[in-house]
Structures are given as C-alpha cells and as structure tokens.
Amino acid sequence: MTTTPTFTLDHPQLGSLTGRLVDDQHADGQTVTDPVVHFRSIPYATIPARFSQSVLLDHIPDHFDDRPRGDFTKYGAACPQVPQPKGRGSATGGFAPGEEPITYDEQTCLNLTISAPVKNVGGANDSPIPKRLLPVLVYVHGGGMIEGKGHVSALHDTTKMTELAAHESMDVVVVSIGYRLNWQGFIACHDLLEEAKEKGEPAFNYGLRDQRNSFLWIHKYITGFGGDPANITAFGESGGAVSLFMHACSDVPLFSRVILQSGSPNAIGSSTLDELDVYYHRLLSYLGLAGETRAERLKALREVPVSRLIDFIRDNKISTMKPFFGPEGDFFPQQPLWANQGEILAKCSWIHDIMIGDDSFEGAMLTQPTKDIFSSMYIERVCTILGEESGRRVLDAYDIHDGMDEGLFWQHVMVIIGDLIFSEPTHSAAVAVARGGRQCLYRWQFGLPNPFPGSVFSYTMGHHFVELMYQFMTLAGRLPPHRNHFLRRQGEEMARSWIRFANGLPPMPGAKPYDLEEGSIMICDMLHGWTVRTRAEDEAISQQDPWGPRRYRQWEILNEELKRAGCAKEGAGSENERIQMTRNRLME
C-alpha cells in the first residue's frame, strides 16, 4: 500500500496542520519540479441550521467531520447537489487523474483547499514564519449556483498552477473555496425574511455570504500559509464569475484584483421576492408540507432530508438558482441590474485590476433548450418584446430571417442567446470600466475546442466552461499531442497569464489595458494560440476564422436595442428596471 507523503505546518494561529506533499509526481504522472503542499478542505465556517447564515471560525474544531483534527490530507465534503456526468461520456472525456469519490454533506461543506510552494513555508521543525508573503489566487467554482465542487475536485486541483508559478519565479498561494448551493444557498421567501428580521440577521443569499466568510477567513489566516492578505486576486468561471461580480457590487472589500470568466450578476437572471416566494411554495407542495404558520412551515422544511430538496431540482430539471438582488437581502448598496452592473463594477473602490472574458461560442451549451424553437416563433417573439424596428435590427445582426433553413436557424439562435446571457454583458462591462478610467482592465476571449469524445460538447469550439479543460492543466496528459502539444501549451499559457496578473504584471507580454480606442484583447484559438490584437486587427483576422468572426458589432446592437426598447416601455419602475424586465422576457 502506497503511503501518501505529508507535510506538517506549524501555523502561528491555527496550530499544527498536515497537508499532502506533492514532491514527486502529480496524479497524471507528470514529474514535479517544485514541491507543493496541498492542504485539503480546511473548515472556515459552521452552519448553525439550514437556511441560516454561516458563522466564521476562529480555530480548527476538534470535531468538524470524520477526519482527525489538523489532518488535511484528504478532501472533505461538498454541498449536496444533483451529481453531474463523470467518466467517459462527460465533457472531460473520462475521470480526471486522481479523481476520488466525492462526499456530500450539508453541515460540513464550508471548507477550502490551499496549495502553497514548500520552499516558502516552514515545516514543523522550522520557523513558522514564511520566508515572504506571496500573492494569493482564490478560485470560486461555477455551476449556476446549483452544483459545483471545485474545492474538492481533481479537475480543479490547483497544485500544478502553484508549481508552475514557483518554477517560473512568480510564486503564488492558491485557494479554492466551497459554499452552499441550490436551496441550501439561495432560497428566498417571505417566511425566511420575517424570521431573519426577528433574529436580527441578514436574510437570503446564504451561499454568497458563505463566500464572503471564506474571504474573511483568508484575510485572517493566509499569512501563516505564506500568502499576502493585501494582495488577493479572485477568479471564477460562470457561477463563480457571477458571484465575484456580485461581491464587487457589495460594500465589503474582499480582493484587490478579479478575473471574471463568463459571468455577470444578471447571467442567471433575477426575480422579485414575490416570484421567489411562489417558487418556495412550489417546493412545499412538492414535498407535501403544510403549515398554518411561518414557524411551522420552516420547521417542517428544515426537517426534510436534504436528498428531498435535491429531488425537487432533479425532477423539475432546474439548471440554475437565482441570488436575491432586492433591498430585503441587505447585500447590495445598489441593486445590480443589467443596464448598470458595468458602471457599478467600474466604481468599485477596492478593486484595482480586472481581467474579463468569455468563450467564443457560449451558446453551444443551449443545444437541448433551443431544439424546439423555430424561426417563425422566435422572430415573432423578439419583435413583440423589442418592437418591430428594434427586433428586426437585432435579428438582422445575427442573420435570422423569415423562411431561413431551420437547421441554420438553430445554430444562429444558440449564438444570439449565448451572447445575450454571457458575451454581450462581458463586452458592455469592459466598455463601462474603460469609460470609467479608474481601473486597469484586460480583455480576453477563449476559443479552443473540447477535444474529448462522447459528450454533447465534443469537438465544439469555445463552448461555455471549456477553459476548465485547460487552465488547471489537470487534463494535460489527455489532450491530443499533435502540433507539438499545441493544446497543452495553450493551457499552460492560460495558467501563466492568470499567475502573471496575480503578480501585478500584464497577463501576457504585449498585453495592453483595454480602452475605447484600440480595444486590445487577448485571443486564444486553434489557428494562432494566444495572441494580442487590437479590435480592428481582430475584426479583420477573425473574418477568416472557420468558426466565424468576432461579434463586437452584434453585441453593441443587442445593447443599444435592449436599452431602446426598455426605455420605450411604459409602466412602474425606473428606466433601468424597465430595461431589466425587457431583457428578462427575452431570456425566458
């Protein structure tokens, strides 16, 4: 039986902590050049009760889960969720090297995993003071607020990223966090609002506040792992980017740099408290729960096995959960709507540097949801919502017209909806930050394929979340080796860019901050790998791309006509709220 090498750190505040020493080979057999210690699933907060705000820990509990106190050589739990496809036939082309069975537990899922270069931290017999304080990268996983386990996942293992940084003398400490998901993290209803008022605690957004607590824990304890709490770069993909953007819209400083990968607050959509309350009562009805009073209803719901909450999500084919944006949640000083979210980001006083980007064909994930939409019904719907003139201008921009081939329409409708959800908000947020002129922002777009057979994403260029197949380098040995390991080298360059940015450098040599004149952007595609271009250069070069040109003008037309149509609407609410309602209808 092979013994796992370990490394024990005498943390000045938390005491003796033992992690997994990665000093010989990674899980995929690749040789380690600079040893890394991997502290798996350190608890950062406790959960007093279901649908209650988490409580930040100030020590390592004697009894948190079934692992010995201070032993962080094995992963702990993720939040209970509907399991996603794994192995062959999944987007990763099989289990990631080193994949282990995942434990799901509602009470112990608030944990985080830390990778640190061994050369910078002292062992148990050395000084507990790190040699120097390093930049910190904090990863927040995605999953639409309904699933995800990046803090306990072999796919998202951060040891290769930490090793690459150490090998290239750009050392970093990398943290990945877990938080509550689905009902446990994002339920909102009148019953819980009234209860929170009685208790004198904030209501709703339990998962977001878990994330906040994880950053507060990092601020307090990361020094003992060799990290600099004043130099934190947060990065996240999809729901992780949505989360980080929402934190940037709050008034609690958590990080000074942020990398947003395909996500903004309104990517998942928004609902009023009354709408979410209807959803809550649907859950009660599904579970067969009744109660004359609020206390009776909440007591019954808290006593239901967590598996039944997950059954509702599975049986109703729910793919996302919506955070609550309203003032009752007491999280956002100003509600982030689609029309103002970029301006709020631009005004965030505690974020100094930003990287923002998306994938080139975000809508590829919408194959199934769009397969029963046909051109005539879609054209009528868009023109009804936006008005004939605005609707036709948007549809013309995406080459959607009456009488077109339905197979071609299916391709185009996936593009426009993907742009509506992800790419247009990425573009407009970059423009808002550049216009604000206070922060340094770098722009990128990723367009490599999913090279693995057997899934709906196989061989698709630039689908949503495809960069996860590359950026952690955990699937490097599975990538096709042709063109002198072209795909592997692009994944390494992506990780290197994130590391450079965390070290206060331009992400790539030659990369320039995005502005409204040149519009510098970093592009990764199958023809050229990573390159830096101006907007004009990219528009000219991408005209020859087999998968189609960059859609800057389409994004701008979407933005213009959504605002135009929303402003023309009559009714209650502010202009931004009417624009929001128009966009919400278009996304339904």
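1. Arg496 counts as buried, at 19% relative accessibility; buried means under 20% relative accessible area, exposed over 50%, and partly exposed in between (1.4 Å probe, protein chains only). Its side chain meets that of Glu168 in a salt bridge (2.8 Å, N to O). A salt bridge here is a side-chain nitrogen of Lys or Arg within 4 Å of a carboxyl oxygen of Asp or Glu. The pair links distant parts of the chain, 328 residues apart: Arg496 sits in helix H14 (residues 482–502), Glu168 in the loop between helix H1 (159–167) and strand E11 (173–177). Helices (H or I, at least four residues) and strands (E, at least two) are DSSP runs, numbered from the N terminus. Glu168 is partly exposed, at 29%.

2. A note on the model. It is predicted: local features need pLDDT of at least 70, side-chain atom pairs count only at pLDDT 80 or more, and totals for chains, interfaces and linings use all residues. Residues are numbered from 1 along each chain as its sequence is written, and side-chain values use heavy atoms, leaving out hydrogens and water.

3. The salt-bridge count is 38. Glu388 pairs with Arg392 at 2.9 Å. They are four residues apart in helix H12 (residues 388–397), so about one helical turn separates them.

4. Glu560 forms a salt bridge with Arg553, at 3.4 Å between the closest N and O atoms. Salt bridges that share partners place both in one network, whose members include Glu389, Arg535 and Arg564.

5. Glu424 is buried but has no salt bridge.

Methods:
Lys, Arg positive; Asp, Glu negative; His and termini not counted.
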